[in-house]
Structures are given as C-alpha cells and as structure tokens.
Amino acid sequence: MIRHLILVLMLTLMTLPALARAQDGDDPAMLVADRVWLEGRDRVVAQGSVEVLHGDARLRASRVSYDRESEQLLIEGPIVLTRGTDQVVIADAAELDRDLRNGMIRGARMVLDQQLQLAAARLDRVEGRYSQLTRATVSSCKVCGTRPPLWQIKARRVIHDQEEKQLYFDDARLEVMGTPIFWLPRLRLPDPSQTRATGFLIPSIRRNSQLGTGIKLPYFIRIGDHRDLTLTPYVATRTTTLEWRYRQAFVNGGISFSGAISKDELKPAITRAYVEGEGHFDLRRDFKLDFRLAAVSDDAYVTDYGYSDADRLESEVTLSRVRRDEYFSAGLANFHSLRVTEDNATIPSIVADMTYERRIFPRFGGELRLTADQHSHLRYSNLNVDGPDADLITDGRDVTRLSVGASLRNGWTLPFGLRADGMIGVVADSFRTAQDAALPASDSEISPSAALTLRWPWVRHSLNGVSEVIEPIAMVAWTGGDGLAVANDESTRVEFDEGNLLSLSRFPAPDRRERGLRAAVGINWTRIDPTGWDSRLTLGTVLRKQSALTFTNSSGLSGTTSDLLVAGQIRTAAGLTVTARGLFDHSLKVNKAEAKASWVAGRYDLSASYVWLTADLAEDRPTSISEWAFDTSVDLNPNWRGTLYGRYDIVADEPISAGLGLVYSNECVDVTLSASRRFTSSTIVTPATDFSFTIGLRGFSARTSGGGASRSCR
C-alpha cells in the first residue's frame with residue numbers, strides 16, 4: 001500500500017511541470033495503478049486497474065503509457081472513459097493527450113446521458129469539444145446480441161458538439177429492425193441534454209373526414225434564450241394550413257401566442273384564421289397584469305380543425321393586487337359567441353369590471369369591511385327595446401352599475417362550544433340603463449342588511465382513530481329595500497349548493513338581491529378515518545317569510561321554502577372518490593343533480609360524471625338536459641397504455657363525442673395512435689371523424705428521458 005502511494009506521488013510530481021505549462025491553473029492529471037514503472041527518463045508505464053483522473057474526466061484501462069516529452073497517453077483496453085455523469089465512452093484502444101481532450105479512440109462506443117448509444121470504428125476527440133465518430137451507428141434502443149435494434153441511424157460520420165449539444169450526421173440512413181427506411185445526406189439532431197434548439201420536431205400524420213389525410217411538420221426556431229417561435233405546416237388533401245406559436249419570457253412575466261391560417265375546400269372563398277394568446281406580468285407595488293385574447297375569422301374554424309371546444313371566445317385584460325387586508329381588480333373583456341342560437345350583436349359583448357375590498361380591524365374587535373364594485377356591459381346593437389314584450393334577441397340594452405357597501409362583522413364562541421357570527425351592513429346600488437324604453441334610465445337604492453349565523457360542532461373520537469363531526473348550522477338574515485327596476489342581465493343563472501347555503505344573497509351579481517326576512521338551516525356530517533375512508537354529507541334548506549319571485553323554478557330557491565339540498569362525498573383507501581349533489585322539491589322530485597366519480601389506483605385512472613337539469617324557459621332551457629361522460633386510461637402492460645372517453649346525451653338518446661387512443665412507449669420510441677368522433681351538428685359545423693398517428697424517437701433532447709419500461713432480451 002505504501003509503495004503504491006509512493007508511485008502515485010512520484011508520477012504526480014514528475015508530470016506536474018508539463019501539465020502546468022500546457023494548461024495553467026488546471027488541476028494536474030493523476031494516474032493510479034497496481035504497477036507503475038519508468039522506461040527511460042520520459043516514459044511512465046502503468047498496468048493493472050489503471051485509472052487516470054483529470055478534472056471531471058476519469059479513464060479506466062488495463063495499461064497506460066505516458067510519454068512526458070510528447071504529453072501523449074497510449075491506452076490499451078478495455079477502456080472506460082467518463083466525463084461527469086452525462087458521457088461514457090467504452091473502447092478497445094486509444095491515443096490521447098495528457099488532459100484527455102484530443103486524440104483517437106478505436107472500437108469506441110459512447111453513451112450520452114444514459115440514453116443515446118453511439119458506436120463507431122473510430123472516435124476522434126478534438127479540442128475537448130468535438131467527438132468525431134467514423135462509420136457510426138446511433139440508437140437509444142436496447143441491443144440484444146447481433147440482432148439489429150428496433151431503430152438505428154447509420155452514418156459515414158457523426159460529430160458531437162458538446163458545447164452546442166448537437167449531433168451532426170453525414171450520409172445518414174434510418175433503419176427499422178435492420179431495414180432501411182430513408183436516407184439523408186445531412187442530418188442534425190439534439191443530444192439528450194438539449195432543451196431548446198432550432199430544428200424540426202416530431203411530425204404527425206392526421207386523417208380527418210372533412211380535411212382529408214395530411215401531415216404536420218413542426219419547426220422550432222430558438223430566438224435567443226428567452227424567445228422562440230414554432231411554425232407547423234399542415235398539408236392535407238383539402239387544406240393548406242400554417243400553425244404557429246410564439247413565446248417570450250421577461251424578467252417579470254411572459255407571453256404566449258398561437259394561431260393558424262388556412263385555405264381549404266370547406267370555405268374556399270375566404271382565408272380562415274384564428275389567434276389566441278395570454279400573458280402575465282408582475283408589476284411594482286404588488287400589482288399583477290394578466291391578459292388573454294382569442295379571435296377567429298369564422299365561427300366554425302376552431303371546431304373544424306379541433307383547435308378548441310369553447311363555444312364562446314373571451315379576450316380580457318386584468319390589473320389586480322392582493323394584499324393581507326386589501327383586494328383590487330379591474331378588467332376589460334370582450335366576448336364572441338360561436339353558438340348558432342346567439343347573436344353577437346345582442347349579447348353583452350364588451351364588459352368592464354372593477355372591484356375593491358378593504359378590511360379594517362378596529363380595536364374594539366371584529367372586522368369592518370368596505371367594498372366597491374363597478375360593472376358595465378355593452379351590446380353592439382343600437383336597437384332600442386320598446387315595451388316589456390319586445391323581442392330580446394334584437395335587444396340593444398346597455399347597463400352600468402355602481403355598488404358601494406360597508407359591513408361590520410364579528411364572531412363569538414358561546415358556552416357549550418356554540419359558534420356565532422354576526423354581520424350588519426348597508427349597500428348602495430346605482431344603475432344606468434340605455435336603449436331600453438321599458439326601464440328607467442337610472443335607478444338607485446340603499447339596502448341595509450343584518451345576519452346571524454350559528455354553528456354547533458359535535459366531535460367524537462373513536463379508539464380506532466376515526467373522528468366524526470356533526471355540525472348543525474342555522475342563519476337568520478334580513479335585507480331591506482324593495483328592489484330596483486333594472487334588467488336581469490347578470491343573475492340569469494343561480495346555483496344553490498353547500499357553498500352558498502349560508503350566504504346573505506345567492507344571486508351571483510348585485511342586479512338582484514335576496515330581500516326580506518329569511519333563514520337557512522342545515523347540518524354537516526364529516527367522518528375521517530386514518531385508513532383512508534373519508535365521508536362528508538350536507539343537508540340544507542332556505543325558509544322565507546315571503547315568496548321569492550325573482551328566482552327561476554329550476555334554481556331550487558323559488559317560493560317560501562327552497563328545495564332540499566343534499567350534497568356529499570366519499571373517498572376510499574382504494575383511490576375511489578365520489579362526489580354528488582342534488583336539489584329535491586317537496587315531492588322529492590329532482591330539479592338539478594350532478595355526480596362525479598374518479599378512481600386512481602395503480603394502472604387505472606377512471607373518471608365519470610352525470611348531470612341532470614330540468615327544463616326551464618327562464619334559463620333558456622326548453623328541454624331537460626341529461627348527460628353522462630367518462631374518461632378512462634389504463635396501463636395495459638409496462639409499455640402499452642389505452643385511453644377511452646365519451647359523452648352521451650340521454651334525452652336525445654345519441655352520442656355527443658367519443659374517442660380512443662393507444663400509446664406505446666419503451667426506452668427508445670413513443671408511438672401514439674388516436675381516433676375521435678364528433679357527432680353534433682349545426683348550421684355551421686357537421687359531424688367529423690379524426691385519426692392521428694405520431695412516432696417519436698427517444699434519446700434526442702431532454703424531454704425524451706424517462707417514460708416506458710425498457711424491453712428485455714430473450
């Protein structure tokens with residue numbers, strides 16, 4: 001052992017002057033071996049478990065000869081050369097300089113980032129940056145004996161640029177299972193550590209019943225470290241399309257825009273296009289600026305091409321700030337409807353909102369809450385509604401509202417664990433209405449209010465760790481005022497659920513308020529099991545002194561007594577979660593109901609939902625809605641994953657949409673095959689079937705790491 005250390009020290013002292021002259025400031029190379037001896041004055045020979053270390057490079061070989069005069073290493077294999085954790089070279093023999101940056105390696109096999117294998121008859125190291133492989137074969141697939149891998153690229157020469165993280169191929173030929181597929185004189189691909197580089201991305205083949213068969217070939221353009229552009233030509237039988245996406249990151253935020261432009265046979269007379277974008281910026285004094293936009297040349301374009309399932313496009317810019325005791329938000333939005341039943345000239349298209357809330361905690365206790373809310377919505381139509389029976393489809397009514405309020409709130413814990421929360425407040429509403437002769441041009445009102453909420457939680461802990469909480473709840477509330485003669489443009493849809501059971505008003509906006517004396521009673525039950533079985537149940541109803549005529553029949557809140565609210569959730573240790581809620585009238589008839597179920601366990605990821613809404617002309621629903629949907633994915637084996645989804649209209653007894661897909665992934669390839677069908681039709685869209693096929697080769701770029709299980713040799 002002492003002799004071994006002395007030999008290492010002697011070699012280090014002998015090589016230090018030459019190494020310092022060649023690369024001033026670098027650590028000297030160190031050689032460790034079972035036997036080390038001198039041949040003459042300038043040659044050192046090491047044999048047996050030889051290791052040469054220099055910086056992050058480590059070389060292991062059976063025999064190494066170092067010539068001090070030429071500063072060359074003659075290495076006999078088997079050789080293993082590693083540089084950091086990203087590069088491994090295995091070879092038979094090599095001639096390298098003293099810092100392992102330049103030289104020639106015979107019978108080399110290089111592995112990049114534990115993914116991509118490069119085998120060559122000869123490998124030349126140049127300037128520590130380039131690795132030039134002669135008569136090379138490249139693949140990320142597992143190689144079993146002499147059998148060809150699933151895919152491989154053979155080339156006359158391959159150059160690996162470690163700084164640019166690129167692979168350059170000369171005379172490249174792609175083979176699948178040993179069969180040549182295509183040839184390219186030049187080819188450039190990113191190495192596995194690359195994250196952003198200009199070049200082609202994975203193409204996909206698409207078959208659409210309306211657009212025909214085509215191919216998408218995306219091209220990524222890196223515009224510096226903080227910007228990029230992706231152009232995707234889509235050429236099919238009946239369309240020529242260019243899709244695009246632009247992204248840019250800033251110090252305080254970022255933006256992203258995407259879109260497409262098409263000439264097709266569906267609408268040959270026009271050039272079809274759409275654009276969408278979003279952005280977020282952090283401004284000074286805790287302000288945040290957010291925007292999103294969406295525009296389309298014709299209403300059917302995004303549906304025909306599958307770019308979006310939205311039936312309304314929203315463009316919006318918002319300035320907001322959230323602090324511990326303060327909230328501010330101001331926004332301007334534009335809505336464009338794609339529904340054939342809606343006229344964009346007569347729906348509120350331009351909407352402006354501003355909200356301010358301040359919370360003050362006085363010394364005498366409680367909370368003083370100050371609020372201000374401004375809202376305006378405009379229609380493009382200039383038609384004036386004349387009389388209460390005017391056709392609302394040609395409505396041109398514009399409304400501006402200002403609401404200012406103040407409330408004092410406090411809470412107390414009473415004997416026996418009873419929790420009480422009280423509130424008194426006042427709010428002033430002012431409305432201005434234009435282009436509606438049936439309503440006053442302006443109307444204002446002051447509405448005082450008061451509410452008292454009681455909660456009485458009962459808790460039980462079992463010896464097996466199960467905890468149960470039963471909580472009776474009740475609220476008594478009163479709101480003054482007679483109501484304003486204003487249009488109901490904002491509160492057309494009202495939801496009654498466990499979230500607003502104890503709310504002062506269940507209308508979503510101040511153009512309608514619950515008034516008079518009323519009460520809400522209910523009970524919450526919660527069970528928490530440490531083994532994973534959790535349950536929650538809520539029952540509740542609302543009682544009023546006078547009938548509420550402003551609620552629709554299907555809302556469950558009309559009349560002096562509301563429908564019975566039943567809401568619950570069950571979660572099991574096996575990964576099953578079921579959530580459901582419903583509104584039952586006095587005869588236990590269901591007015592509204594919805595249920596969702598999901599099961600995530602091992603290889604299964606299943607989800608399903610159901611919704612039921614009774615017919616209600618006041619909510620523009622002439623017929624009942626009854627639909628169910630499901631979305632399922634299953635790992636069929638370590639490499640195959642299947643997906644299946646669907647949506648069905650029970651009332652119409654016909655499907656709405658359906659789709660299935662198969663994904664195959666292993667250590668070197670990703671294959672995706674999908675098929676979908678849209679069954680719905682209207683005056684602007686027709687049913688369509690879509691097929692998609694994509695093959696991606698793993699090992700090129702960092703995004704392809706991980707994934708499916710590796711195959712085994714048999």
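This is a predicted model: local features need pLDDT of at least 70, side-chain atom pairs count only at pLDDT 80 or more; totals for chains, interfaces and linings use all residues.
Before we turn to single residues, consider the whole. The protein has 2 helices and 42 strands. Its radius of gyration is 36 Å, well over the 27 Å that the globule rule gives for 714 residues, and the protein is therefore more spread out than a compact globule. Along its principal axes, the C-alpha trace spans about 110 × 70 × 50 Å. Of the 714 residues, 38% are buried. If we take the contacts between residues at least 6 apart in sequence, 45% of them join residues that are at least 24 apart.

One residue gives a sense of the distances involved. Once neighbours within four places in sequence are set aside, the residues in contact with I181 are L174, E175 and V176.

How many disulfides does a search of the whole structure find? The search finds 1, and this disulfide is formed by C141 and C668, whose sulfur atoms are 2.1 Å apart. The torsion about their S-S bond is about 90°, and so the disulfide is right-handed. C141 lies in the loop between β9 (130-139) and β10 (151-161), while C668 lies in the loop between β40 and β41 (669-678), so the pair ties together parts that are 527 residues apart in sequence. C141 has a relative accessible area of 0% and is therefore buried, and C668, also with a relative accessible area of 0%, is buried as well.

A pair of aromatic rings is described by the distance of the centres and the angle of the planes. In this structure the count comes to 15 aromatic pairs. One of them joins Y274 and Y301, whose rings lie 6.2 Å apart from centre to centre with 50° between their planes, an arrangement classed as tilted. Since Y274 is in strand β20 (residues 272-282) and Y301 is in helix α2 (residues 301-304), this pair ties together parts that are 27 residues apart in sequence. Ring pairs also link Y274, Y301, Y305 and Y307 into a cluster. Y274 is buried, with a relative accessible area of 12%, and Y301 counts as buried at 0% relative accessibility.

Here W640 comes back: the centres of the rings of W640 and Y664 are 4.9 Å apart and their planes stand at 50°, so this pair is tilted. It links distant parts of the chain, with W640 in strand β39 (residues 640-649) and Y664 in strand β40 (residues 654-665), 24 residues apart.

Located in strand β15 (residues 212-216), K216 counts as buried because its relative accessibility is 16%, which is under the limit of 20%. The charged end of K216 sits over the ring of Y234, 5.1 Å from the centre of that ring, and the side chain of K216 makes a polar contact of 3.0 Å with the side chain of E243. Apart from residues up to four places away in sequence, K216 touches P203, S204, R206, T232, P233, Y234 and E243.

Which side chains make polar contacts with that of H377? One partner is H375, whose side chain is joined to that of H377 by a polar contact of 2.9 Å, and another is D489, whose side chain makes a polar contact of 2.8 Å with H377. H377 is found in strand β25 (residues 367-378), and at 3% relative accessibility it counts as buried. Beyond its neighbours within four places in sequence, H377 is in contact with P348, I350, V351, D398, V399 and D489.

Note on methods. Residues are numbered from 1 along each chain as its sequence is written. Side-chain values use heavy atoms; hydrogens and water are left out. Helices (H or I, at least four residues) and strands (E, at least two) are DSSP runs, numbered from the N terminus. Buried means under 20% relative accessible area, exposed over 50%, partly exposed in between (1.4 Å probe, protein chains only). A polar contact is a pair of N or O atoms within 3.5 Å; within protein, one must be able to donate a hydrogen and the other to accept it, and residues adjacent in sequence count only if both atoms are side-chain atoms. Contact means heavy atoms within 4.5 Å. Rings of Phe, Tyr and Trp (its six-membered ring) pair if their centres lie within 6.5 Å; planes under 30 degrees apart count as stacked, over 60 as edge-to-face and the rest as tilted. A charge sits over a ring if NZ of Lys or CZ of Arg is within 6 Å of the ring centre and within 35 degrees of the ring normal. A disulfide is a pair of cysteine sulfur atoms within 2.5 Å. The radius of gyration is taken over C-alpha atoms; the globule rule is 2.2 Å times the number of residues to the power 0.38.
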